[in-house]
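These are my notes from a first look through a structure that is new to me. I wrote down what I looked up, one topic at a time.

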Amino acid sequence: MAKIAIMGLGVVGGGTADLLAENREKIRAACGEYLDLKYGLDVRDMPESPYRDLIVHDIAPIANDPEVSIVAETIGGVKHAYDYTVRLLGAGKSVVTSNKQLVSEHGAELLALAKENGCRYLFEASTGGGIPVIGPLSRDLSQNEITEISGILNGTTNYILTRKRDGGVGFETALAEAQQKGYAERDPSADVEGADACRKISILSATAFGKLIPPDKIHTEGITAIRQSDVSAAASMGAAVKLLGRAIKRGGECFVLVSPFFVPGKSPLAHADGVYNAISVTGNYVGDVMFYGRGAGAKATASAVVADLITAKTDASPVPTWEPAGEDFPTEFDSFVCPRYLAFSGIERNAVRVVFGDVTFLSGAEGEVAFITPAGTERECADGIARLSAGGGQLLSMIRVYESGERPEA
Ligand code: HSE
């Protein structure tokens with residue numbers, strides 16, 4: 001029987017403890033032995049919790065217990081989680097985590113520490129909630145050159161955008177619903193301003209490319225500026241507004257970004273709604289692979305945490321290493337190319353044609369001119385916006401339009 005500990009008995013940690021108890025026999029079959037929860041580290045006493053007798057308030061009993069060889073970290077944030085993880089890995093104990101902030105900021109160092117000490121640092125639950133994506137990307141797709149990862153990586157914002165589209169529900173109400181369902185971060189600005197998705201695309205691109213791009217080097221936009229009329233404009237052309245994290249390698253260039261996109265209906269990404277995440281991965285041999293499932297919530301995320309507990313117990317494959325990204329990686333964002341949706345007030349269609357050329361006009365809200373530009377760079381788009389603004393136009397919205405990467409020949 002293997003003894004484990006969970007650090008942080010909140011939404012995800014509590015769900016992990018429940019899953020270990022409820023599916024105990026399934027887990028034994030997968031591991032070859034029972035996984036028994038011995039400690040739950042939490043600042044609270046939690047007298048109502050079924051795990052109250054296991055609660056400790058200090059890392060020492062866990063770090064010093066030779067019986068405990070695997071620990072789940074579901075604390076979140078960096079402060080304590082970093083110190084505890086370093087201490088446990090340093091003591092040769094494997095750590096599995098749902099903590100995307102910690103992995104995206106310190107993953108390279110923590111993986112190196114795990115390698116040095118002959119243990120594992122695993123983070124399936126950090127990205128895509130319950131969707132198995134880190135394991136398949138690092139194992140089953142590792143023989144491919146990955147050319148693109150594009151995905152809906154945040155359940156809270158996808159829930160808000162879906163409610164906006166289907167029910168015309170306002171931002172604040174939809175966010176409150178997502179919080180009530182346990183999807184949102186403790187500080188939901190990390191969801192709605194894109195930081196959470198940014199951490200996840202940083203982790204996915206590091207897993208695929210072996211280089212960790214710190215979140216502060218990733219161009220990141222959230223969903224707070226999206227208007228109901230933008231959502232309607234997208235629907236009018238058969239598209240959906242989705243917050244995407246994207247990592248794209250084209251020729252010698254690599255772009256990593258988080259921003260809202262108009263996703264055309266022909267893409268499966270347009271049809272992942274509510275709390276669901278969808279992640280499209282393109283490899284040079286496998287072509288396109290799509291991952292889909294619940295991106296947040298106690299049970300789905302617990303499923304991924306326990307998957308890693310089982311991997312830590314049973315898998316002896318080499319620990320990966322991540323190099324820090326160099327100065328030229330990713331490529332300067334100004335050269336990113338795509339079509340864009342723009343909405344202006346105070347201008348005529350003719351002025352738009354003069355500046356942007358062969359655009360497609362959409363039926364925007366009253367008093368607005370809404371259109372899709374031809375593909376161009378960020379720099380070209382900014383120049384065009386500046387020219388229309390100088391002519392008296394007021395920019396109301398700019399949303400990129402998703403075009404998937406090239407597919408290998410069938
Ligand atoms: N707040 C996150 C989300 C939780 O909404 O996707 C899962 O990482």
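Which residue in β10 is the bridge partner of G151? I looked it up and found G245. I note at the start that this is a predicted model.

**Entry 1: strand β7**

I stayed with β7, which covers residues 146-152. Its pairing with strand β10 (residues 239-250) is antiparallel and has 5 bridges. I then looked up strand β12 (residues 276-283), which also pairs with β7 in the antiparallel sense, over 6 bridges. G151 has a bridge partner in β12 as well, namely I279. I next asked how many residues of β7 are buried. The count is 6 of 7, so the strand is largely enclosed by the rest of the structure.

**Entry 2: T157**

I looked up T157 and placed it in helix α7, which spans residues 155-167. Is T157 buried or exposed? Its relative accessibility is 0%, and because buried means under 20%, T157 counts as buried. I then listed what T157 touches, leaving out residues up to four places away in sequence: D191, V192, I223 and L243.

**Entry 3: the open sheet**

I turned to an open sheet of 6 strands. I read its order as β3-β2-β1-β4-β5-β6, and the pairing is parallel. Which strands stand at the edges? They are β3 (55-56) and β6 (121-122); each has a single partner strand, so one side of each lacks a neighbour in the sheet.

**Entry 4: helices α2 and α12**

My last item was the pair formed by helix α2 (residues 24-31) and helix α12 (residues 298-314). Their axes come within 9 Å and cross at roughly 30°, and I recorded the crossing as right-handed. Which residues meet here? From α2 I listed I27, A30 and C31, and from α12 I listed V306, I310, K313 and T314. Sorted by class, the contact of α2 with α12 has 5 nonpolar residues, 1 polar and 1 charged.

Terms used
Residues numbered from 1 in each chain as written. Predicted model: local features only at pLDDT ≥ 70, side-chain atom pairs only at ≥ 80, totals over all residues. Heavy atoms only, no water. Axes fitted to C-alpha atoms, helices over the stretch in contact; angles between N-to-C directions. Helix = DSSP H or I, 4+ residues; strand = E, 2+ residues; numbered from the N terminus. Left-handed = near helix turned anticlockwise from the far one by under 90°. Contact = heavy atoms within 4.5 Å. Nonpolar A, V, L, I, M, F, W, Y, C, P; charged D, E, K, R; others polar. Pairing = 2+ DSSP bridges. Buried < 20%, exposed > 50% of the residue type's maximum accessible area, 1.4 Å probe, protein only.
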